[in-house]
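Student: Could we go through this protein together? I would like to start at the very end of the chain.

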Amino acid sequence: MNKQIIEIKCTNSEYFERALLFVNSNCELFSENDPHIVAGEYLQKLTDEMEGVERDEKNFHDKTLRSLLTVLFGAIVTSVLVVVLIAL
């Protein structure tokens, strides 16, 4: 049984330098479309998913940092008020 392997050397992705895709011989999709086009679309989908995960992680870290800064600010204000009340 012959296996078709598609190698993509120029992925246009910061995540993937090179890709090897092993074509499923039972897939009817390739009888209607060029396997290289389908492979390129698949690689683009993977890249988009990775960028989405990266964005989600960045948003999580931004929210966490904002929350920590809010708590720190609240602690400082509380400390100042306690010092002022003690001084009275």
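Student: Is Leu 88 buried or exposed?

Tutor: Leu 88 is exposed, because its relative accessible area is 83%, and exposed means over 50%. Please keep in mind that this is a predicted model.

Student: Where is Leu 88 found?

Tutor: Leu 88 is in the segment that follows helix α2, residues 35-87.

Student: Which residues make the nonpolar surface patch?

Tutor: Leu 88 is one of them; the others are Leu 65, Leu 69, Leu 72, Ile 76, Val 80, Val 84 and Leu 85. Together these residues make a patch of about 840 Å².

Student: Let me step back. How many helices and strands are there?

Tutor: The protein has 2 helices and 2 strands. Starting from the N terminus, their order is β-β-α-α.

Student: And what share of the residues counts as buried?

Tutor: Of the 88 residues, 14% count as buried. The accessible surface of the protein is about 7600 Å², and carbon and sulfur atoms hold 60% of that area.

Student: Where is confidence lowest, and where is it highest?

Tutor: The lowest confidence is in helix α1, residues 29-32, with a mean of 60, while β2 has the highest, at 82. For the protein as a whole, the average pLDDT is 78, and 88% of the residues score at least 70.

Student: New topic: charges. How many salt bridges does the count come to?

Tutor: The count comes to 1 salt bridge. It joins the side chains of Arg 18 and Glu 7, at 2.9 Å from N to O.

Student: Which parts does that pair tie together?

Tutor: Glu 7 lies in strand β1 (4-8) and Arg 18 in the loop between β1 and β2 (19-23), so the pair ties together parts that are 11 residues apart in sequence.

Student: Why can such side chains pair at all?

Tutor: Side chains of opposite charge can pair when their charged atoms come close.

Student: How exposed are Arg 18 and Glu 7?

Tutor: Arg 18 counts as exposed, at 52% relative accessibility. Glu 7 is partly exposed, with a relative accessible area of 34%.

Student: One last residue. What is Gln 4 in contact with, beyond its neighbours within four places in sequence?

Tutor: Gln 4, which is in strand β1, is in contact with Leu 21, Phe 22, Val 23 and Pro 35. Gln 4 and Leu 21 are 17 residues apart in sequence, and their C-alpha atoms are 8.5 Å apart in space. Gln 4 itself is partly exposed, at 38% relative accessible area.

Key. Residues are numbered from 1 along each chain as its sequence is written. This is a predicted model: local features need pLDDT of at least 70, side-chain atom pairs count only at pLDDT 80 or more; totals for chains, interfaces and linings use all residues. Side-chain values use heavy atoms; hydrogens and water are left out. Helices (H or I, at least four residues) and strands (E, at least two) are DSSP runs, numbered from the N terminus. Buried means under 20% relative accessible area, exposed over 50%, partly exposed in between (1.4 Å probe, protein chains only). Accessible areas come from the Shrake-Rupley method with a 1.4 Å probe; for residues, only the protein chains shown count as cover. A salt bridge is a side-chain nitrogen of Lys or Arg within 4 Å of a carboxyl oxygen of Asp or Glu. pLDDT is the predictor's confidence in each residue, from 0 to 100. Patches are made of residues with over 30% relative accessible area and no salt bridge: like charges are joined within 9 Å, nonpolar side chains (Val, Leu, Ile, Met, Phe, Trp, Tyr) within 5 Å. Contact means heavy atoms within 4.5 Å.
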